[in-house]
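Please read them alongside the coordinates.

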Amino acid sequence: MQLRIFTEPQEGADYATLLSVARATEELGFDAFFRSDHYLSMTGPGLPGPTDAWITLAGLARETSRIRLGTLMSPVTFRLPGPLAITVAQVDQMSGGRAELGLGTGWFDAEHTAYGIPFPPLAERFGRLAEQLEIITGLWETAEGATFSFSGSYYSLSGSPALPKPAQRPRPPVLVGGDGQRRTPQLAARFADEFNSPFATVADSAAAFRRVREACQQAGRDPGSLVYSVAQTVCCGRDEAELARRAAAIGYQIDDLKRLELVGSPAQVVDKLGQFADAGAERVYLQILDLHDLDHLELMAAEVMPQVKLRG
């Protein structure tokens, strides 16, 4: 099982803070640094304000050398598919082939209102997601010297040179995720290299994985050709006092943590990770909410990661 670090910068983190977390992620042996793609805090003032996901990742591409870099998830409402394909391809080049694109429908209406971004109904957002996935993967996979065209309900491209090409060929990995019962598994089966089950129980994640495998079989795709992953908030402490301190730092009381999956001592976190592995998870995105607590990352690198690798 691979462990990746997942951050929520809209809650309050400038680029320097994100860089320190990304460098710790790399130095401590985690597989990847991912971030959310939001423009508005959900829990407080969010000072000093939001940072753009792909500008951040472009900077980190030049200041790291090993870790994978990506988003969970970029909303289709934020960017047009052609320019997004260019942006991610450039970050992939800048990183030497380490970029990954998580793409989703978007869900946070308030951030759209706050920054003047249209927020269509869910059915339309799913339609846009399907078209963006087809366009972005199509642009990346078009042979050099050939052109790409597309005509859909929401986007049309004609005679695109489909440039630049990403460093990874045929393209960077694409992630699709969520708890949708029908369209999400279908889109994952059609376009994704990885399916992510976010903030769900072990049982619900297993059920989501089953739906994606069934969708793959229906589409004539090998279900084993996808990576299956989960994202979970983590709060780990060597003892009750350390756990309580970390809980308070992210606005939780100890009792509130009971609804989270990856909470407790290193041994308890390892046990729960084992349960997710048994449910089919091959990767876990560890959502870190206190980005100034690098000791938290060091604890998991020292006492959780080795046990996870040993179990695997």
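1. Helix H1 passes helix H2 in a right-handed crossing. In this predicted model, the axes of H1 (residues 15-27) and H2 (residues 53-63) come within 11 Å and cross at roughly 45°. An angle under 35 degrees would count as roughly parallel; H1 and H2 are therefore oblique to each other. On the H1 side, the contact is made by Tyr 15, Leu 18, Leu 19, Ala 22 and Arg 23, and on the H2 side by Thr 56, Gly 59, Leu 60 and Glu 63. Classified by type, the contact of H1 with H2 comprises five nonpolar, two polar and two charged residues.

2. H2 also packs against helix H3 (residues 81-95), where the axes come within 8 Å and cross at roughly 15°. That angle makes H2 roughly parallel to H3. The crossing in which H2 passes H3 is left-handed. H2 contributes Trp 54, Leu 57, Ala 58, Ala 61 and Arg 62 to the contact, while H3 contributes Leu 84, Thr 87, Val 88, Val 91, Met 94 and Ser 95. Eight nonpolar, two polar and one charged residue make up the contact of H2 with H3.

3. A further helix pair deserves attention. Helices H5 and H6 (residues 183-191) pack with their axes 11 Å apart, at an angle of about 5°. H5 is therefore roughly parallel to H6. From H5, the contact draws on Ala 123, Phe 126, Gly 127, Leu 129, Ala 130, Leu 133, Glu 134 and Thr 137; from H6, it draws on Arg 183, Thr 184, Leu 187, Arg 190 and Phe 191. The division by class for the contact of H5 with H6 is seven nonpolar, three polar and three charged.

4. Which residues of H6 are buried? They are Thr 184, Pro 185, Leu 187, Ala 188, Ala 189 and Phe 191. The elements that cover these buried residues of H6 include H5, strand S8 (174-177), strand S9 (194-198) and helix H7 (202-219).

5. Nonpolar side chains tend to be buried together in soluble globular proteins. Here, the largest nonpolar core has 78 residues, and those with the most contacts inside it are Leu 3, Phe 30, Phe 33 and Leu 286. Helix H5 (residues 122-141) gives the most to this core, namely eight residues.

6. What does Leu 3 touch, leaving aside residues up to four places away in sequence? Its partners are Phe 30, Asp 31, Ala 32, Leu 273, Val 284, Leu 286, Val 304, Met 305 and Val 308. Phe 30 and Leu 286 are, with Leu 3 itself, among the residues that have the most contacts inside the largest core.

7. Is Arg 246 buried or exposed? With a relative accessible area of 4%, Arg 246 falls under the 20% cut-off and is therefore buried. Arg 246 is found in helix H8 (residues 240-249). Not counting residues up to four places away in sequence, Arg 246 touches Cys 235, Cys 236, Gly 237, Asp 293, Asp 295, His 296 and Leu 299. Pro 198 lies 48 residues from Arg 246 in sequence, and the two are 22 Å apart in space, C-alpha to C-alpha.

How values were computed
Residues numbered from 1 in each chain as written. Predicted model: local features only at pLDDT ≥ 70, side-chain atom pairs only at ≥ 80, totals over all residues. Heavy atoms only, no water. Core = buried A, V, L, I, M, F, W, Y, C linked by side-chain atoms within 4.5 Å. Buried < 20%, exposed > 50% of the residue type's maximum accessible area, 1.4 Å probe, protein only. Helix = DSSP H or I, 4+ residues; strand = E, 2+ residues; numbered from the N terminus. Contact = heavy atoms within 4.5 Å. Axes fitted to C-alpha atoms, helices over the stretch in contact; angles between N-to-C directions. Parallel < 35°, antiparallel > 145°, perpendicular 65-115°, else oblique. Left-handed = near helix turned anticlockwise from the far one by under 90°. Nonpolar A, V, L, I, M, F, W, Y, C, P; charged D, E, K, R; others polar.
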